[in-house]
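Here is a short briefing to read alongside the model. Keep the structure open as you go through the points.

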Amino acid sequence: MTTPHLGLIVPPAAGEVPVDGPLLYGERIRFSAKGLGLGEISTRGYLDVIDSVVEKAVALKEEGVSAVSLMGTSLSFFRGAAFNRQLEVEMARATGLPCTTMSNAIVGALRHLGVRRVAVATAYIDEVNLHLRKYLEQSDFEPLALEGLSISDVKAVGEVPTQVLVDLCLKVFDAQPGADGILISCGGLVTLDAVREVEARLRVPVVSSSPAGFWDLVGTAGLDPRVPGQGRLFA
């Protein structure tokens, strides 16, 4: 049986597969990645690389992948929901493959888990948080408390400790009562441990960009995204 082969467009120039993919799916699925060379997590940084997304999708098709995701949340939501949809359409048209984005992933995951009123923890600076709030509202969610870690350095997001993420999730959840669940936004954050801990402590679903991105891409490819023991989204 041939191992499924899926493609990722990732922000860092190195084009490495994010750790969550192999941790979640092991040898069940093969992932390949192409890097965009994002210089900073900001509107200015996104504008420098966004026009090369379709080119990277085509390069992944040439490597034999069967579906492609733009694995950058803010890269796909910073211009709003309509632009995110346009990106998806342009990638699919250029490749002839099922394509998606990490912004699709967080929306799909929140809906799958029945979350509408959401507390939001991010890695972002304020300008990016404003883009995210607008995108969530355009997608029919009600973002309640929303707070970021004010990180714009691409490498630094991958070094945020689990406890910092857990503490931020607890803070935004408590800041404005009534949330159905929590969103951790930024695909560079390493969050699997934090998701499990926060779900266990608060008894609400937690969606995080990178795990949701893999869940969404695997489903987009027509495969079963479930992984027992990795939180409510993967149950």
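What follows covers aromatic rings, salt bridges, cysteines and a surface patch, grouped by topic.

This is a predicted model, in which local features need pLDDT of at least 70 and side-chain atom pairs count only at pLDDT 80 or more, while totals for chains, interfaces and linings use all residues. Residues are numbered from 1 along each chain as its sequence is written, and side-chain values use heavy atoms, with hydrogens and water left out. The structure holds six aromatic pairs, 10 salt bridges and zero disulfides.

**Terms used throughout**

- Buried means under 20% relative accessible area, exposed means over 50%, and partly exposed lies in between (1.4 Å probe, protein chains only).
- Helices (H or I, at least four residues) and strands (E, at least two) are DSSP runs, numbered from the N terminus.

**Aromatic rings**

- Rings of Phe, Tyr and Trp (its six-membered ring) count as a pair if their centres lie within 6.5 Å; planes under 30 degrees apart are called stacked, over 60 edge-to-face, and the rest tilted.
- Among the six aromatic pairs is the tilted one of Tyr 25 and Phe 31, with 6.4 Å centre to centre and 55 degrees between the planes.
- Phe 31 also pairs with Phe 214: their ring centres are 5.0 Å apart and their planes stand at 80 degrees, so this pair is edge-to-face.
- Tyr 25, Phe 31 and Phe 214 together form one aromatic cluster.
- How accessible is Tyr 25? Tyr 25 counts as buried because its relative accessibility is 2%; Phe 31 is buried too, at 12%, and Phe 214 is likewise buried.
- Val 68, in strand β3 (residues 68-70), is 37 residues from Phe 31 in sequence and 9.8 Å from Phe 31 in space, C-alpha to C-alpha.
- Val 68 is buried, with 0% relative accessibility.

**A charge over a ring**

- The charged end of Arg 79 sits over the ring of Phe 83, 4.9 Å from the ring centre.
- For this term, NZ of Lys or CZ of Arg must be within 6 Å of the ring centre and within 35 degrees of the ring normal.

**Salt bridges**

- A salt bridge here is a side-chain nitrogen of Lys or Arg within 4 Å of a carboxyl oxygen of Asp or Glu, and by this rule the count is 10.
- One of them joins Glu 147 to Lys 171, with the closest N and O atoms 2.9 Å apart.
- This pair links distant parts of the chain: Glu 147 belongs to strand β6 (residues 142-148) and Lys 171 to helix α8 (residues 162-175), 24 residues apart.
- Glu 147 is partly exposed at 29% relative accessibility, and Lys 171 is partly exposed at 46%.
- Arg 196 forms a salt bridge with Asp 193, where the closest N and O atoms are 2.3 Å apart.
- Arg 196 and Asp 193 are three residues apart in helix α9, so about one helical turn separates them.
- Arg 196 is partly exposed, with a relative accessible area of 31%, as is Asp 193 with 44%.
- Asp 224 bridges to Arg 226, with the closest N and O atoms 2.8 Å apart; Asp 224 is partly exposed, at 37%.
- Arg 116, Arg 117 and Glu 142 are linked in a network of salt bridges.

**Cysteines**

- A disulfide is defined as a pair of cysteine sulfur atoms within 2.5 Å, and the structure holds zero of them.
- Cys 169 is buried, with a relative accessible area of 0%, and Cys 186 is buried with 6%.

**Surface patch**

- Val 19, Leu 23 and Val 190 form a nonpolar patch on the surface, with about 250 Å² of accessible area together.
- Patches are made of residues with over 30% relative accessible area and no salt bridge; like charges are joined within 9 Å and nonpolar side chains (Val, Leu, Ile, Met, Phe, Trp, Tyr) within 5 Å.
- Accessible areas come from the Shrake-Rupley method with a 1.4 Å probe, and for residues only the protein chains shown count as cover.
- Val 190 is found in the loop between β7 (181-185) and α9 (192-202), and counts as partly exposed because its relative accessibility is 36%.
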